[in-house]
Amino acid sequence: MKRRMLRLERALLGLAVFAWPLSALEHAVRRLLWLWGRLRFGAAVRHRGLGCVCHWAVDLKYPENIFLGERVIIGVNASLGAHSPIRLGDDVHLSRDVHLETAGLDFDGKSPPFQHLSKPINIARGVWIGSRATILGGVSIGEYAVIAAGAVVSKDVPAFTVVAGVPARIIKVINQDSGGTSC
């Protein structure tokens, strides 16, 4: 029965009379979600520069504490937990599934339940953060640094460096004299 259904589906979707309306419907839904994301992001994040792009599926916690420079790009399924301020400089790119989290637990306390501890995150101009990277509270990332995919950053990152790993460590220093431009 399952094979018959799959064959029927393949045959129907192979016909232009069925494939074209589905393609048009998908395009319309994508445009509607794009518009919804722009409106939601614009209403939630008041402190932003021109040209910021945020995917509609981004999770924004405490958006009043998020400060964005010009031309910031925030990818699919990113999560910005801004219990303390998050500041992103001009031309910062956050890839898909990136997590910025300013709050955590203070394990120096006596016993559970532990108190919340919150520290700001500052990301300078031109930083690129790879897919599924996590940036924790209290971290500052210097200009044009690159955070590799999957890295967990718990300490400051100097400008013009590439960091990777868990915990993130410097793996390369970027040549500043190359005359490169922002992302």
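R31 lies over the face of W34, 4.7 Å from the ring centre. A charge counts as sitting over a ring if NZ of Lys or CZ of Arg is within 6 Å of the ring centre and within 35 degrees of the ring normal.

This is a predicted model: local features need pLDDT of at least 70, side-chain atom pairs count only at pLDDT 80 or more, and totals for chains, interfaces and linings use all residues. Residues are numbered from 1 along each chain as its sequence is written, and side-chain values use heavy atoms, with hydrogens and water left out.

Now the overall picture. The chain has 2 helices and 18 strands. These are DSSP runs, numbered from the N terminus: helices are H or I with at least four residues, strands E with at least two. The C-alpha atoms fill a box of roughly 60 × 50 × 35 Å along the principal axes. The radius of gyration is 21 Å, whereas a compact globule of 183 residues would have one near 16 Å. That radius is taken over C-alpha atoms, and the globule rule is 2.2 Å times the number of residues to the power 0.38.

Of the 183 residues, 31% count as buried. Buried means under 20% relative accessible area, exposed over 50%, and partly exposed in between (1.4 Å probe, protein chains only). The chain exposes about 11500 Å², and carbon and sulfur atoms supply 59% of that area. Accessible areas come from the Shrake-Rupley method with a 1.4 Å probe; for residues, only the protein chains shown count as cover. Contacts mean heavy atoms within 4.5 Å. Among contacts between residues at least 6 apart in sequence, 19% join residues at least 24 apart.

Next, the sheets. Strands of a sheet pair through backbone hydrogen bonds, either parallel or antiparallel. Here two strands pair if DSSP finds at least two bridges between them.

Strand 12 (residues 128-129) and strand 15 (residues 146-147) run parallel, paired over 2 bridges. I129 has I147 of strand 15 as its bridge partner. Strand 15 is then joined to strand 17 (residues 161-164) by 2 bridges, also in the parallel sense. There V146 is partnered by V162 of strand 17. V162 also stands opposite K172 in strand 18.

Strand 17 and strand 18 pair antiparallel over 4 bridges. They form a hairpin with 4 residues between them, and G165 in the turn has a positive phi of about 100°. P167 is found in the loop between strand 17 and strand 18. The peptide bond from V166 to P167 is cis, with omega near -5°.

A second open sheet has 5 strands in the order 2-5-8-13-16, with parallel pairing. Strand 2 (59-61) and strand 16 (152-153) stand at the edges with a single partner strand each, so one side of each is left without a neighbour in the sheet. Strand 13 (residues 134-136) runs parallel to strand 16, joined by 2 bridges. T134 stands opposite V152 in strand 16.

Several loops deserve a look. S95 is found between strand 7 (93-94) and strand 8 (99-101). S95 is buried, at 18% relative accessible area. Leaving aside residues up to four places away in sequence, S95 touches G75, W128, I129, G130 and S131.

Most residues other than glycine have a negative phi, and most peptide bonds are trans. N77, in the loop between strand 4 (73-74) and strand 5 (79-81), has a positive phi near 60°. N77 is partly exposed at 36% relative accessibility. R132 lies in the loop between strand 12 and strand 13. Its phi is positive, about 65°, although R132 is not a glycine. R132 is exposed, with a relative accessible area of 58%.

Last, the aromatic rings. Rings of Phe, Tyr and Trp (its six-membered ring) pair if their centres lie within 6.5 Å; planes under 30 degrees apart count as stacked, over 60 as edge-to-face and the rest as tilted. By this rule there are 2 aromatic pairs. The centres of F107 and F114 are 5.0 Å apart and their planes stand at 70°, so this pair is edge-to-face. F107 is exposed, at 57% relative accessible area, while F114 is partly exposed at 28%.
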